[in-house]
Amino acid sequence: MKSWIADPQALALSLQATVLSHAHVREAATAFASELAAGRGCTRVSVGFVRNGLVELHSVSHGSNEDLRRPAFNNLAAAMDEAVQQGLSVYWPAEGAPAIRLAHRALLIERGGAVATVPIVHLGH
């Protein structure tokens, strides 16, 4: 895994190569999260997919992808839902466009540091 990648285009290419090097979605998502965490200097990156209108956690960086449906991950999933439902990237401490940040604040209180949720969409979904 590479260390901090300052150039966003280089990071995007690195992430694409990382994802394409895996045959299964779970492994690709975990590798993506770990590569993004290393590339941007994050402690943890999580990946979720929207299913039936709610975010389902799929993988976490540097993790074993234990049961991500455990209560320990509820605030994380809620923060992801909060951003997806607003169709916005949401940050706490607050930055950017006005947004509802209740779940992000709860996650920050639980885990400390800073929280950012960036929905990635494909063809509007």
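The model is predicted: local features need pLDDT of at least 70, side-chain atom pairs count only at pLDDT 80 or more, and totals for chains, interfaces and linings use all residues. Residues are numbered from 1 along each chain as its sequence is written, and side-chain values use heavy atoms, with hydrogens and water left out.

**Exercise 1.** Determine the secondary structure content of the protein and the order of its elements.

Solution. Step one is the count: the protein has four helices and four strands. Helices (H or I, at least four residues) and strands (E, at least two) are DSSP runs, numbered from the N terminus. Step two is the order, which from the N terminus reads α-α-β-β-α-β-α-β.

**Exercise 2.** State how compact the protein is for its length.

Solution. The radius of gyration, taken over C-alpha atoms, is 14 Å. The globule rule (2.2 Å times the number of residues to the power 0.38) also gives 14 Å for 125 residues, so the protein is as compact as a globular protein of that length. Along the principal axes, the C-alpha atoms fill a box of roughly 35 × 30 × 30 Å. Buried residues (under 20% relative accessible area, 1.4 Å probe, protein chains only) make up 34% of the 125.

**Exercise 3.** Describe the packing of helix α1 against helix α2.

Solution. Two packed helices are described by the angle between their axes and the distance between the axes. Axes are lines fitted to C-alpha atoms, for helices over the stretch in contact, and angles run from 0 to 180 degrees between N-to-C directions. Helix α1 (residues 8-20) and helix α2 (residues 25-40) cross at roughly 155°, and their axes come within 9 Å. The two are therefore roughly antiparallel, a term for angles over 145 degrees. Their crossing is right-handed, meaning that the near helix is turned clockwise from the far one by less than a right angle. In contact (heavy atoms within 4.5 Å) are residues including Leu 11 and Leu 15 of α1 and Phe 32 and Leu 36 of α2.

**Exercise 4.** Repeat the description for helix α3 and helix α4.

Solution. Helix α3 (residues 74-86) and helix α4 (residues 102-111) pack at about 155°, with axes 8 Å apart. These helices are therefore roughly antiparallel, and their crossing is left-handed. Among the residues that meet are Leu 76 and Ala 79 in α3 and Ala 103 and Leu 107 in α4.

Methods. Parallel < 35°, antiparallel > 145°, perpendicular 65-115°, else oblique. Buried < 20%, exposed > 50% of the residue type's maximum accessible area, 1.4 Å probe, protein only.
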